[in-house]
Amino acid sequence: MKKNQIIAIVLALILVFFSFAGCGKNNKTSKDSSGNETKGEYKLTGAGGPDLGGVTLKVGIQPSQYITSYKDNELTKKLEKDCNVKLEFFEFPTDGNDLKTKLSLMASSGDDMPDIVDVGLDSTSVLEYGSKGLFIPLNDYVNNVKMSPNFAKIPGEDKKAMLTAMTSADGKIYGHAKYEYETWNLTPYRCYINRKWLDTLNLKVPKTTDELANVLRAFVNKDPNGNGKKDEIGVYGMASGAYGQNTVWALMNCFIFSNGVSMQLDENDSSKVIAPWTKDAWREGLQYMKSLYKEGLLSNSIFVDDDTQFKATLNAETPIVGFVSVGSNGGNWPDNDKNPNFLQMECIEPLTGPKGISWTPYSSYNPGTIWYITSSCKHSEEAYRLGEYFYNYTITMINRFGREGYDWTSDPKECAKYTNTNVVNGITDAVTMVYRYGTEQNVWTSNHNRSWQNAGPRYASLKMNLGYTDGVTSKKDKFVSDLPSQIPGIINTKYYADRHPKVTIPALHYTIDEAQSIATPTTDITTYVNTATAEFITGQRPLDDSGWKTYLDEMKGMGLQQWLDAAQAAYNRTLK
Amino acid sequence: MKMKDRNGYISADASKGIVQISSQSLKQRMLRRWQLYLMLLIPLLFTFIFAYIPMGGLIIAFKKYNFRDGIFGSAWVGLDNFTKFFKSAYFARTLRNTLTLSIYGLLTFPIPILFALFLNALPGRKYKKIIQTVTYLPHFISTVVIVGLIFQLLNYRSGIYGAIYTMLTGTTAPDILAKGRLFKHIYVWSGVWQNAGYSSIIYIAALAGIDPTLYEAATIDGATRFQRLRYIDIPGIMPTISIMLILAVGHIMSIGFEKAYLMQNNLNIAYSEIISTYVYKVGLASGITDFSYATAIGMFNSVINFALLILANTISKKLSGSGIF
Amino acid sequence: MNKLKSLSWGDKVFYFLITVALTIVFLLVLYPCIFVLAASFSSGPAVEAGKVYLWPVDFSLEGYKTILKTDEVYLGFRNSLFYTVVGTTINIIVTMIAAYVMSRRDLPGRNGFMFFFAFTMFFSGGLIPSYILIQRLHMLNTPWAILLPGALGVYNMVIARTFIQSNIPQELLEAAQIDGCSDFRYFISIVLPLSKSVIAVLVLFYAVGHWNAYFNAMIYLNKKELYPLTIFLREILMASRIDPSTVDDPELQTLIAKAAAVIKYALIVVSMIPVLLIYPFIQKYFVKGVMIGSIKG
């Protein structure tokens, strides 16, 4: 009786499932850019925006907790007015992974998608959604100057970088670009040393790895913080940190150019992709740090601490950190200009290794993409042109900084009244934009409805970026040009920004097959190298010849060659 | 002659045999219980619609699912998703870690029971209520906060652990968060700390259902409170205990993802990488959500869970006569 | 209580030991609650820098003030309350019906049905077919997507069935049947009133489950007006951590994280208040002696 019941249930289940799941999955044919509007007539409105004929477009957004309303929003209203369009909003989950899950689910069920997905996605996802027809290709639109007036005005080099980023591995363009060139974020491993301790011990700022070792010995053994306890830490850091906090990677660059566990180009042959962590130079770097650890000059908390513990140590009542690398000083030392721990630290040049190598981890600027148009959009040309309008200077500034004339201004007469660190130090010639101009409120940490918090395409050149300044603190007459919090910016421009080989590996766009085939090897090898690095340095894993060989062999078994091959193929595509 | 009992008629014709009796009684038994079947329709319907209909989707574990081709159009790849998982360098390790943490956790199963028994025996009513209310709270504090707390407390320099150690021995404490071998202890016992109170609620409710006349009788016979605990409380909640144990065994592979993920660091990863965290990382690395892979892993976990449940259920039925089915 | 005088020496030792043990446990467990409370009254930087242990550091009401000004909090709270109350009610009805029917040993096919239910605890089709189903039923972006799919928690049903089987004696059923009581009436008039303890437990489990639920809301709902509080809480928790894979401007992200740290703990406290209130409320249903007098005579 039981058996029959089960069989009956299973049969019923199969029948029902076939009946419902089989019925009408929307056939997603790739909708091409052969539009549905009168071709060639791409009018502008009086305000200078594209005239979109009053259509309604639904924009999919990841809501920011600070924006009180997207519908009742100044930027929305301006866009609706400037472009003769009506906007509606669709809210995606805040977390990136949840969002991709949801997108995939909606695509699976033929659910109604918003017209536009105004969220940045990684290149593999874009390729997946684009090649499978969820996003439509925009190549024709991009190449049509009448449809892309703002994009056409972008200077050559920048536009080239944007096009490279926008083009997927299948040669199609699926979204607009988000280009905000800043050098600060490209070299986040800025080294800080405890200047006060150096002065107390009468030592010079170290310039080489050997000098650093001597300084660290003095730090740890001579009690420079004067409390009678041997609590000083030599080298500190946070291996799990997301922004420049893994000091190990910084020091490794005194031996070989690298950026953690990511592929690089051979320094002698820039057509070849290599894995730096397999090279002998890397091993030398490990040996150096291992010797530091053995003498007690490098803390194993680097491999254990989380963000809260890291900050707690950096800001301890009695300063205990001698040497560390971080990306953000304001983020890790709260209230940095008045923070006693931060005031003891000095940002120094990258060190030089025994063989004269002196690099810093660097990844070339890789603009992201955003504003994809889905196959359910019935007004793809209008949707494209609306996104393209975001390259317009005023719009892109509003989206990033808020209301013109209140949150920010670019009026040259006003800008002339201000200055900034870059101008004072001759890195750029003038202030291009003042934010926190008419108000002290920071749009990034307060509730408002004056922008979309930078959710949209953007074009901001390096020159523009260098010319930003904070209105509250930068009036010419009261500008303090050497605030402790600003000095690292100068140091970065002088010593870090160019401290990398001339040719470095660009962002790689993998095809779907490549991405899926290397998913397991990249996960396994990344975990393995991170773990092995920690173990080598702390002596838990032998760094002798047989230990090193074991390390290399195990990675071979994890598919290292597969990863190298895929990376080489992707790199070769960028050379064409 | 036909005799009627509660379950229907009994045929007196011996030549037709017992079979005749049972089948007649069965149909009649079913008919007599028609109200029960009618009532059962509601939960049956819910389960069928929301649990069984989607179950057909399990098939994507054997396919290379992509949203354009859908569940039925996607290419068949047989056991590829499974072998991808089994062949990975870390498969054995993640399986071992998952089981270690689970089984270790299972060994702490008696703790909420003991807690409930003691609490039940506590004389002061107000105090009992306060303890009950407070101990079930940490269960609701999110994992992120609890893990941050663990790091803070166990920090060998600035945490309470470090401070007490230095106070007692005068030297710096060893960094227990850096020692992978200690991971399982920290993981499991922090789980007890967080959840024992909440897990004990079911036993507290079960204890409340014990017939108080049993206690009266025992007290009259001169039993101490402890003896009452041993001979009345424990047997009284034994059915609850065995069911909870069976259910726990059936969830061995379902260890949570978030806590292990947050507690991982470079030095303990050999012990803290479990199946769910590993699958998550591979999923991230491939960029797109690989539903097929995730479904295959889920199926793998489910099969093991289910097999263990059947085993536990069978053992329970042999030992105590009752089980889930 | 004159009971104290009549306690034996053995009993006194026993009571003393368990009181000590429970008190230690109580204090250990109380700590995280105190921490969260202290952190919610501390300033953002102090919390971020790990300076908070037992009492607030840099006392600040900033977190609470910000929350009280945020619409999402009120909206989320109201929605969570709705889902919890209505959802739990549906849950209890469906679960108790199933538990009662499954507890009847005289029901032919009982084990088969039990297998039917239990199987679903282990095998589920996963996200995609579930999503497609909800979509075909036109339940997407409606409260039903939250209230209906998990209506029968088999785990809880097993617990309830165990309770009914061990606490409501077979003799009671037989006596009622002799008196002509129908199966349905037996359920309503006898089983339910005697199951107050287990219903209380189910209410707790289901209510807590609804209150903490996040995932279904995330995938099935698109409107802010329908979001439970957990979605907003998760937004804040995510904002206070930097996710390297999705961020183009880490410096900016750091700023945002700092601001999020301020309200994180205050929000956790606020979202825990209903949970704190519900337990004493259901505690009184853990009633002893429900069975007195039911079988005598």
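How many bridges pair strand 5 (residues 190-194) of chain A with strand 9 of chain A, and in which sense, parallel or antiparallel? The two strands pair in the antiparallel sense over four bridges, where strands are DSSP runs of E of at least two residues, helices are runs of H or I of at least four residues, and both are numbered from the N terminus. Pairing of two strands requires that DSSP finds at least two bridges between them.

This is a predicted model, in which local features need pLDDT of at least 70 and side-chain atom pairs count only at pLDDT 80 or more, while totals for chains, interfaces and linings use all residues. Residues are numbered from 1 along each chain as its sequence is written, and chains are lettered from A and ligands numbered from 1 in the order in which they are written.

## Confidence

The model scores ipTM 0.85 and pTM 0.87. The pLDDT, the predictor's confidence in each residue on a scale from 0 to 100, is listed below for two chains.

| Chain | Average pLDDT | Residues scoring at least 70 |
|---|---|---|
| Chain A | pLDDT 90 | 93% of the residues |
| Chain C | pLDDT 85 | 91% of the residues |

Over residues 18-38 of chain A the pLDDT is below 50, and this stretch has 32 contacts in the model beyond near neighbours in sequence; a contact here joins two residues whose C-beta atoms, placed from the backbone, lie within 7 Å. Residues 292-297 of chain C also have a pLDDT below 50, with four contacts beyond near neighbours in sequence. Where pLDDT is low, the predicted coordinates should not be read in detail. Within chain C, confidence is lowest in helix 2 (residues 44-48), at a mean of 77, and highest in helix 7 (residues 144-147), at 95.

## Strands and sheets of chain A

Six of the six residues of strand 9 (residues 321-326) of chain A are buried, so this strand is largely enclosed by the rest of the structure; a residue is buried if 20 or more other C-beta atoms, placed from the backbone, lie within 10 Å of its own, exposed if 12 or fewer, and partly exposed in between.

An open sheet of six strands in chain A has the order 2-1-3-11-4-14 with mixed pairing, and its edge strands, each pairing on one side only, are strand 2 (86-91) and strand 14 (458-460). Strand 3 (residues 116-117) and strand 11 (residues 368-373) of chain A pair in the antiparallel sense over two bridges, with A:Ile116 opposite A:Ile373. Helix 15 (residues 380-388) of chain A packs on this sheet, touching strand 1 (56-61), strand 3, strand 4 (175-180) and strand 11, and its direction makes about 150 degrees with that of strand 11 of chain A; the axes are lines fitted to C-alpha atoms, for helices over the stretch in contact, and angles run from 0 to 180 degrees between N-to-C directions.

Another open sheet of chain A is formed by three strands in the order 12-13-15, again with mixed pairing.

## Helix 3 of chain A

At 1.5 Å a residue, the 14 residues of helix 3 (residues 96-109) of chain A should span 20 Å, and the end C-alpha atoms are 20 Å apart, which agrees; the expected span is 1.5 Å times one less than the number of residues. Twelve of the 14 residues of this helix are buried, among them A:Gly96, A:Leu99 and A:Met106. The buried residues pack against helix 4 (123-131) of chain A, helix 3 (70-73) of chain B, and helix 6 (127-136) and helix 12 (215-220) of chain C. Just after the helix, A:Gly110 takes a positive phi of about 70 degrees.

Most residues other than glycine have a negative phi. A:Asn202, although not a glycine, has a positive phi of about 60 degrees; A:Asn202 lies in the loop between helix 8 (195-200) and helix 9 (209-221) of chain A and is exposed, with 7 other C-beta atoms within 10 Å. A:Gln453, also not a glycine, has a positive phi of about 50 degrees and is found in the loop between strand 13 and strand 14 of chain A, where A:Gln453 counts as buried, with 23 C-beta neighbours inside 10 Å.
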